[in-house]
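Hi,

Here is the structure I promised to pass on. Have a look at it first, and my notes follow below.

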Amino acid sequence: MDPGLSSVRLTVLEAVHTLSSSEDGGYIFSTLQSLKRYLGGTENPALPEEQEEFVRLHFSAFLRCLVGKLSLGWLELLPNGQLEELWASFFLEGPADQAFLVLMEALEGAASPSFRLMKIARLLAQFLSKGRMAAVLEGQCRQQTELTFPLLQETLLIKVVGLPDRLGNCLQHENLAEFFPQNYFPLLGEETMRVLQAVVDSLRGGLDCSVSFVSQVLGKACVYGRQKEILGVLVPRLTALTQGSCLWQRVCWRLVEYVPDRALEAVLTGLVEAAPGPEVLSRLLGNLVMKSKKAQFVMTQKLLFLQYRYTTPVLQSLLGYLAMDSQRRPLLVKVLKELLEMWGSSSAVRHTPLPQQLYVSKAALICLMHLRDTELQDSRDELLASLMAGMRCRLDSSLPAVRRLGMIVAEVVSARIHPEGPPLKFQYEEDELSCEMRALATPQPAAGSPLEAGPSVAAAAAETPDKQTLDGGVPQVRPEGSDSELDSDDEFVPYDMSGDQELKSSKVPKYVRDCIEALTTSEDWEYWEAALRALEGLVVRSPAATREVSVELAKVLLHLEEKTSVVGFEGLRQRALVALIVTDPARVAEYLTSQFYTVNYSLRQRMDILDVLTLAAQELSRPGRLRKAPQCGSLGPTCQPSCAVAPTWRVVVDERVRRKTRRLSKGSSRQAPAGGPNEFNSVAGYFFFPLIQGFDRPVVTFDLLGEDQLVLGRLAHTLGVLMYLAVNTTVAVPMGKALLEFVWALRLHSDASYVRRGLLFAVSSVLLSVPAERLLADLPDELLEARSWLADEAEKDPDEDCRMLAVKALLLLEKVKDKLLPLPSP
């Protein structure tokens, strides 16, 4: 055996024996000083071969011995902390990876709490603050070019990334701030940058290095959900360093390429969110999507189709990255086809929530903005087919927001794909969303090229100067006698004509039968309009005469069409129908419900039937309805124009009297609500049961279970309202049973979220209207079925509103159960 190598082992054994048996502080100090020469950096360092043997074979065991001797009494063998400083120097100046592993092993094995545990924890915090973590990572980068130790790397990887969790478990309430995740991972990001700088310097010096271990650390930290902390440090630094250095760009590409597949999604997601733009993302990733199938799946599928939580700038960075290189642009065309294919799928329209549809729409418009006309030419027909299919599905939707989104996207995409054809235009109000969607699809001019700014910029610049100055600022001379001077009427004050009324040459009908005759046969359109406006007041004031012709009048109003441009025509017709139902509820409701399932009615008329039945039921169930004084606006011909002006002086007088009157005491001014019978009680069955009987029998022009799901959703809401208004009535229990059967029959049928909302609202109405005792006594099976369905809806329904309604219905069901089945007393 080589005597030089054996001397190192003998020296270490003697030092361990001294530490174990001696209590002489000076002797222990000199022993440790003699071993310090094997770490270098002293006046008389050991030979390189001896240093290598000490580090490779004896250093870890010696550190464990030092940890084992750690105690308050042992450190006080020498004054002024001399022994503690020398003891700590072995951990802070020796091989960083071995020191780190020994410290972590000691922390996890120490009893909590103890002096040794806290001393080692503070030493580890000092280890981190001195930048020794960078030495741990850098050592693995250099070792991988020579000899790799997979088990050592895996152990280091777990302990480096899991340090906050492990120390949190060990130290618990005594944990140090340096080990908190929000503090540790930014520090790890700083150390990673130091390692990458060292790697770049080594490559410039002609030495080989590998960033594989750093990639594994980055991937594992991102998998732990710490992308924001670590990438928040890395991305700004790398953005600046890669801007003018190809070497830094290649190091970044290798850094991401070596990330394990299981962590690649987390890293790419964090980079896409942290990168300030597509140019930066392209410098950081290179052509990674062309080299890695996993990266291509994440960037072109996962982030676009399976997730929709990212903001519009993130989408612009992602799709702009695909558009920045000629090798990646075919992927952009492929993504656009798949986006429009999903946008045109009727199943996707029914089953995806509105935020996801908006997300996919924005992504498609951004793709169009980046693609050139020559790239769109080959697939124009395919894209237009998908666009038209999606537009048709959305225009058939019962949700106004979905229809509006379909209109906006169809306009923008069609103008971009087929610019030479006639423009597609819809009528909708402009808002921030429509402006944003148009801006996303507008091609952006190249930076620094004023000629590409387009004629609109030049035109705007031309209009900027004052219109009164021409050719070098000379004021434009106005011709004498110009209109602006001769016809100026600024000095005149406009006359107040707000109280003027239009003079009518026709008389106003005074009887209900006259109104029917005018609405059916009159050719005098002013008289026809006057009859429509007077009808509501005549019905309210003449209930006996109205009941004689109630069904005939209901038929006239139901089929009434607007022959002139009458302001508020729909409201006048609706209020007249509501007043008619309130006056003769049984006969008119029976007629309207019978017409709901009859052929040759439009969807608008069927929905009008549901609306007026709901409003009439609300009016009938309102307490104190008969005591309400008729309003002036519905009195018809007897309401004189002065009725709104005459009380003005009385109001002024009453106000003066009130201010000048002194009252010693004043009772409560609030009147108790007037009581009275619920008039809806006796007629609820006429409203409810005929509507719920024929929903499953399609007719030639009306199929509730097929294409007419908008009316089906409105029907479900109407039945729920009628059920709620029938609270405390004798017919509430059979109504509730029938409504639950209706819901159970349709629970799995409809794909429209509007219909599911109506069904969930109907269930809540049953739980609110039917007494709890009757629910559990008469409807136990229906409640069990409804409970299982509600739980499934609350968990799995794609529509957020449906999930919220299901949760509320479940809470109501729990209240019913708790009311009748109280908790047993302890």
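**What I found**

Helix 5 (residues 82-93) and helix 7 (residues 115-129) pack at about 55 degrees with their axes 11 Å apart; axes are lines fitted to C-alpha atoms, for helices over the stretch in contact, and angles run from 0 to 180 degrees between N-to-C directions. That makes helix 5 oblique to helix 7 (under 35 degrees is roughly parallel, over 145 roughly antiparallel, 65 to 115 roughly perpendicular, the rest oblique). Glu 84, Trp 87, Ala 88, Phe 91 and Leu 92 of helix 5 meet Lys 119, Leu 123, Gln 126 and Phe 127 of helix 7, where contact means heavy atoms within 4.5 Å.

This is a predicted model: local features need pLDDT of at least 70, side-chain atom pairs count only at pLDDT 80 or more, and totals for chains, interfaces and linings use all residues. Residues are numbered from 1 along each chain as its sequence is written, and side-chain values use heavy atoms, with hydrogens and water left out. Helices are DSSP runs (H or I, at least four residues), numbered from the N terminus.

Finally, Asp 608 sits in helix 35 (residues 603-621). Asp 608 is buried, at 9% relative accessible area, and touches Glu 570 and Arg 573, leaving aside residues up to four places away in sequence.

Best wishes

Technical notes:
Helices (H or I, at least four residues) and strands (E, at least two) are DSSP runs, numbered from the N terminus. Buried means under 20% relative accessible area, exposed over 50%, partly exposed in between (1.4 Å probe, protein chains only).
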